[in-house]
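Please read them with the structure open.

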Amino acid sequence: MIKNAFSISAEECISQLKTRREGLSESELKERLAKYGPNQLRAAKKVNPITLFIKQFNNLFTLILLFAIITSIAITVWGNENRIPEACFILLIILINAILGFIQNYKAARGMEALKNMVVPKTTVRRNGEKREIEATAVVPGDIVVFSEGMQVPADGRLIESHGLKADESAFTGESVPVSLSTEVLPEKTALQDRKNIAYMGTYITQGEGEAVVVSTGMDTELGKIAESITEIKAKKTPFELEVDKLARQITVAIGFTVLLVAAMAFLRGHMPWVDVLILCMGLFVGAIPEAMPAIVTFAMSLGTRRMAENKALVRDLPVVASLGSVDVICSDKTGTLTENRMTVQKLFFGDHEVNFGGVGYEEEGKIEHAQNRAIPLGDMDALLKCGVFCNDASAETKDDKPHYIGDPTEIALLVSAKKAGIGPNREKASFPRMDEIPFTSEREKMTTIHEEGAKKRAFTKGAPEVIIDGCDRILENGGINRFTADKKDMIIKANADFAKGGLRVLAFSTKEVRPNEDKESIEKNQVFLGLQAMIDPPRREVKDAVDTARSAKIRTVMITGDNAITASAIGKKLDFGEHAVTGAELHTYSDEKLKADIETIDIIARALPQDKLRVAQTLEKKGHVVAMTGDGVNDAPALKAADVGIAMGMRGTDVAKDASGMILLDDNYKTIVEAIKEGRTIYDNIRKFVNYLITCNLAEVFVMFFCSIVGKIPLSVIQILWINIVTDTTVAMSLASDPSNEKVMTRPPRPKKKGIIDARLKWLVGLIGFKKVVVLLSVFAIGMKIRGPELASTMLFTTIVLYAFVRITVLRVEEGVPIFINKWVNLAILVSLGLQLLVLYTPPLRDFFHVVALGVREWAIMLAFTAVSWVLGVIITKQVIKRVPY
């Protein structure tokens, strides 16, 4: 570790760290890793199961039940009645509630921890003279880190090379404009934010390339020092959680008021002792309030995000889950998302020669033949291929006797095409060392590298054909350099158009000898045109079906690509996209009003710049759309942040893009976006289902108690109320959260952005079905009273409520249009609740404890008949509400 690395030269810094520009050896790496430890900030405290379990007792409902236990014990001690069994049962209920709450919260917390560990930051270092991609945690002091645009700086490092290097230090210093980094030595008193020869951990490279020697890692970095003083920030609640919290509070108030009325009636009309009234009301309050609802929402979202992660979609920001179900426009990149992103050069064009290259993927063997069976001018072809090697940041290595490439797929394709012609990329690069570069930017659409050529310098440039053609005034033809006439330019432009129509991505190449002291701007002018390399990036096989699925779900897909309109349209045609394509240049001529008017019909935006993405996202959102926007580059970050769902590419995306996104595609696949939207809709449906179930059941039970209390009857004891709460309410609702996706979920339009869980349809369903349940339960209780009085009536009511759980679930399945037994966990929960109820009814000790009687055939026939009637009425009500009240 070196504290004053900024005030000494790069060579001195390397010397003090006992390393070298070629990087550390394996033995040095092991020693330093053992000495300094992993390169990571002190991790936040992991979930402690014991602490989490204890927290389950820290709530109002547990305190109320504890007070009920104390009251029961007091009656036993100072009264003349044994209430110890009752107190023990209430304690058991508290423990069961705590265990269920613990299971939900522990699974949710562990699930989020697992998701955080799914994307491990990686970085590129030089070790033993070779570039290697490693996990950022394995970086040690003395490592040589290789910087490229978009990567996150893994540790504090002293710059030893800088080629147009700029960094975004806004999160670190607060400076919003990217700063230029250099290798110059700075004075010892230079302030921290002015040390421009240091790349700080956690900042992002926004432009250029360079290398740095690591001077500090982990908690010894400047970011580590800041982390020492930062307290943990609580995660924000999602819109779903906030809505359910609010709903739970409203229900609590309503039930609390109803419980007070029940208490008054029990005391005045039922002549119940005030102590028993107190215990009853405490039990009714706890049993009727859906206190588990917020926890089940968290549990449902945890399960959903875990399923998304299994399908290669990593949610970074939970509120995104709420937005996913409302997405109605997907703005997708072409390369790597709609296509394979495994480029293969298939054609070259130079002079007036078209040459075909065989082979697929990264195979280094392939037949090379002239399209017109003419002789190939090998010198011209080699010049074109070598330009693709020199103006290239990808690298080629051999591992286990097999070629291994690191870098951008397009640049790898250029190395492979050179190898097919017998040109060794590493050998060529070594013979022409790179001295400087003019980095690629999406605005310039080209990149230039400057190399030593003996005592001279030579520039090599690659980029969009129209851009490169504009910068050339000469052309290489049959070994000679000739004037680049308008006719020759037209020939190149036609070849480019023909390649693009075939769905090929085309790059142009040029070169120039650099004059002494020539500035960078003029280097890219008056160059010699070398030719074109056209490569195929085939559409992913699964994408066409995914686009069709999105279309059936009323989700429109817009392709936004840097490729030209012809290539983009050719790919779009293969994927059944619409045919209306515009270019970024055309988009720039649109006023905001025109773009707003035309945006609904635009299917493809070609030659798009990152700011075009931002403008498109903002325009769509102004028109009320919910937008999912993909991106992978540094300049995509604003668009990703502006979109409702910003989606970064996990494989090729820059760290900047990932940090700005709400979701990361671990496989960069468009199909994964559609699957994530499907899961987002499923999570919403599941939350809606268990809210529907809990509110209907709990409110109906409270009103049954209320109406019975009016006539001086208390139909259920506190023990029975708490039993129903555990056996039929919480466990069944919890299992509903794990319902799988409905096949029809992607055949309906997206949910409106501002639509909550409790909409008009759900209000009607809860109201009508809840009323129906109250009538059915009161009828069963009344019949029981006529047959044999309060004890039988109470038992029949108690058991019918348990049976009703099955009725409510089956009616919910009718509402969804899915098989009744679709979820094994729901089936198991219902079977267990029915089994436990039978044990209560037919086991003498339990029967006495719950104050119930054994039911005969007649009683079962009555209950099952009313249950069947309830089911029929429930189905009729549900179908009528669905028919008359829109979703």
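Predicted model: local features only at pLDDT ≥ 70, side-chain atom pairs only at ≥ 80, totals over all residues.

1. Helix H29 takes in residues 824–842. Its 19 residues should span 27 Å at 1.5 Å a residue, and the C-alpha atoms at its ends are 27 Å apart, which agrees.

2. The buried residues of H29 are Val826, Asn827, Ala829, Ile830, Ser833, Gln837, Val840 and Leu841. Viewed down the helix axis, the buried residues of H29 lie within an arc of 165°, so they line one face of the helix. Their cover includes helices H26 (718–736), H28 (790–816), H30 (844–850) and H31 (857–884). Lys824 and Leu831, on the other side of H29, are exposed.

3. Trp825, Leu828, Val832, Leu836, Leu839 and Leu846 make a nonpolar surface patch of about 520 Å². H29 supplies the largest share of this patch, with five residues. Trp825 is found in H29; its relative accessible area is 48%, so it counts as partly exposed, given that exposed means over 50%.

4. Most residues other than glycine have a negative phi. Lys18, not a glycine, has a positive phi of about 55°. Lys18 sits in the loop between helix H1 (10–16) and helix H2 (26–36), and is exposed at a relative accessible area of 65%.

5. Asp668 also is not a glycine and has a positive phi of about 55°. Its place is the loop between strand S27 (663–665) and helix H25 (670–710). Is Asp668 buried or exposed? With a relative accessibility of 3%, Asp668 is buried.

Technical notes
Residues numbered from 1 in each chain as written. Heavy atoms only, no water. Patch = residues over 30% accessible without salt bridge, like charges linked within 9 Å, V, L, I, M, F, W, Y side chains within 5 Å. Areas by Shrake-Rupley, 256 points an atom, 1.4 Å probe, with all protein chains shown as cover. Salt bridge = Lys/Arg side-chain N within 4 Å of Asp/Glu carboxyl O. Helix = DSSP H or I, 4+ residues; strand = E, 2+ residues; numbered from the N terminus. Buried < 20%, exposed > 50% of the residue type's maximum accessible area, 1.4 Å probe, protein only. Expected span 1.5 Å × (residues − 1). Arc of directions from axis to C-beta. Contact = heavy atoms within 4.5 Å.
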